[in-house]
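Please read each point with the model open.

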Amino acid sequence: MKESGRKHGALSPCAACKLLRRRCAQDCVFAPYFPADEPQKFASVHKVFGASNVNKMLQELPEHQRSDAVSSMVYEANARVRDPVYGCVGAISSLQQQIDSLQTQLALAQAEVVHMRMRQFTSSTNPGGMDMTVDQANMGESLWSC
């Protein structure tokens, strides 16, 4: 965690105080988490949550949890700026859809491996005998339906 949002020896205000156009006090609650060289970080959090609410949230938390809280607020604020309706829930939903699609692809690939192994096994155990082919169109349903 950064000790201060200000450079030592300089009286440069933190990004929050600079945006809010106020004097940055030595004990500024924003300074450790919104350094002057990252103004967009506070700007997006301020736009979504408001400076007063962020101040209240940070003061209610123990110091060791504040950095994680700020990271979460920055993530949510940036997601809200990109997608004002759904925010990070939209990103989570999109990722869940990708997971579902990839799981389906994996299941199909696994079924095809089973099918190929069955063909290989039947051709090695029954070289000239009965034809034991599997209906590939219905294979996915029979293997994965419960």
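1. Burial. A residue counts as buried under 20% relative accessible area, as exposed over 50% and as partly exposed in between, with a 1.4 Å probe and protein chains only. By this criterion, 25% of the 146 residues of the protein are buried. The protein exposes about 10700 Å², of which carbon and sulfur atoms supply 55%; accessible areas come from the Shrake-Rupley method with a 1.4 Å probe, and for residues only the protein chains shown count as cover.

2. Basis of the values. This is a predicted model, in which local features need pLDDT of at least 70 and side-chain atom pairs count only at pLDDT 80 or more, whereas totals for chains, interfaces and linings use all residues. Residues are numbered from 1 along each chain as its sequence is written, and side-chain values use heavy atoms, with hydrogens and water left out.

3. Secondary structure. The protein has six helices and zero strands, in the order α-α-α-α-α-α from the N terminus on. Helices (H or I, at least four residues) and strands (E, at least two) are DSSP runs, numbered from the N terminus.

4. Contacts. A contact means heavy atoms within 4.5 Å. Among contacts in the protein with a separation of 6 or more, 49% join residues 24 or more positions apart.

5. Helix α3. Which residues of α3 (residues 51-60) are buried? They are A51, V54 and L58. These residues lie on the same side of α3 because they cover an arc of only 65° around the axis, the arc being that of the directions from the helix axis to the C-beta atoms. An α-helix has 3.6 residues a turn, so residues three or four places apart point the same way. The buried residues of α3 pack against α1, α2 and α4 (63-82), while Q59 and E60 are exposed on the other side of α3.

6. Residue R21. The loop between α1 (15-20) and α2 (39-49) contains R21. Phi of R21 is near 55°, a positive value in a residue other than glycine. R21 counts as exposed because its relative accessibility is 78%.

7. Aromatic pairs. The structure holds three aromatic pairs, and ring pairs link F30, F34 and F42 into a cluster. Rings of Phe, Tyr and Trp (its six-membered ring) pair if their centres lie within 6.5 Å; planes under 30 degrees apart count as stacked, over 60 as edge-to-face and the rest as tilted.

8. Annotated segment. The unreviewed UniProt entry annotates residues 92-119 as "coiled-coil region"; such annotations may be inferred rather than shown by experiment. In the model, residues 92-119 are 100% helix and 0% strand, with the end C-alpha atoms 40 Å apart.
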